[in-house]
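Q: I have a structure open here and would like to go through it. Can we start with how charged side chains pair up?

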Amino acid sequence: MAEPAGPFHVLRAGPGRFLCYCRPGGAVCVTDAMEVWAGDLGGCPAFGCRCPPEEHGAMLRAALGRGAAELSLGPSSATLRMLEEPRCPAVALAQLPAAEARSQLQALVFGMAGCIETLERRLEAVETLASSCSPQKNTAQSQQLFLPARKRHLE
């Protein structure tokens, strides 16, 4: 099974909601749970773009995290644009064929399920610590459990 995707962000476009996520390898995907659009974050920069290509993916992830990205849908494509970065071009997203979209959605669902299982195990460990430690020790130990995972998902 493919590596889990993430981080995850919900975007609105018109009346719909869309899940935006980054895949390992520099791809960004957007789905409404029925269709999937995908694009490459490391592609060639547009003519006149002053955004360094190696920074484009990190800048887009940061914009998504701040809620500063906009999704526009077309008939068979979409664009993802950073609202606060006019020097960066929009990322072109192509609608995936149905078979590939199904495969991507399956990988996404099972990747998210794996993340949920990991979080549940960590929560269980924290609850065990809470019942056996003083409040001061509990705070320090629970921070050690969650900080490494958060850093891993943000990269």
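A: This is a predicted model. A search of the whole structure finds two salt bridges.

Q: Which side chains meet in a salt bridge at 2.7 Å, N to O?
A: Those of R66 and E84.

Q: And what does that pair tie together?
A: R66 is in helix 1 (residues 53-66), while E84 sits in the loop between strand 6 (77-82) and strand 7, so the pair links parts that are 18 residues apart in sequence.

Q: New topic. Which residues gather in the patch of negative charge on the surface?
A: E117, E120, E124 and E127. Of these, E120 has its place in helix 2 (residues 98-132).

Q: What is the average pLDDT of the chain?
A: The protein chain averages 80, and 74% of the residues score at least 70.

Terms used. Residues are numbered from 1 along each chain as its sequence is written. Side-chain values use heavy atoms; hydrogens and water are left out. Patches are made of residues with over 30% relative accessible area and no salt bridge: like charges are joined within 9 Å, nonpolar side chains (Val, Leu, Ile, Met, Phe, Trp, Tyr) within 5 Å. Accessible areas come from the Shrake-Rupley method with a 1.4 Å probe; for residues, only the protein chains shown count as cover. A salt bridge is a side-chain nitrogen of Lys or Arg within 4 Å of a carboxyl oxygen of Asp or Glu. Lys and Arg count as positive and Asp and Glu as negative; His and the chain ends are not counted. The place of a charge is taken as NZ of Lys, CZ of Arg, CG of Asp or CD of Glu. Helices (H or I, at least four residues) and strands (E, at least two) are DSSP runs, numbered from the N terminus. pLDDT is the predictor's confidence in each residue, from 0 to 100.
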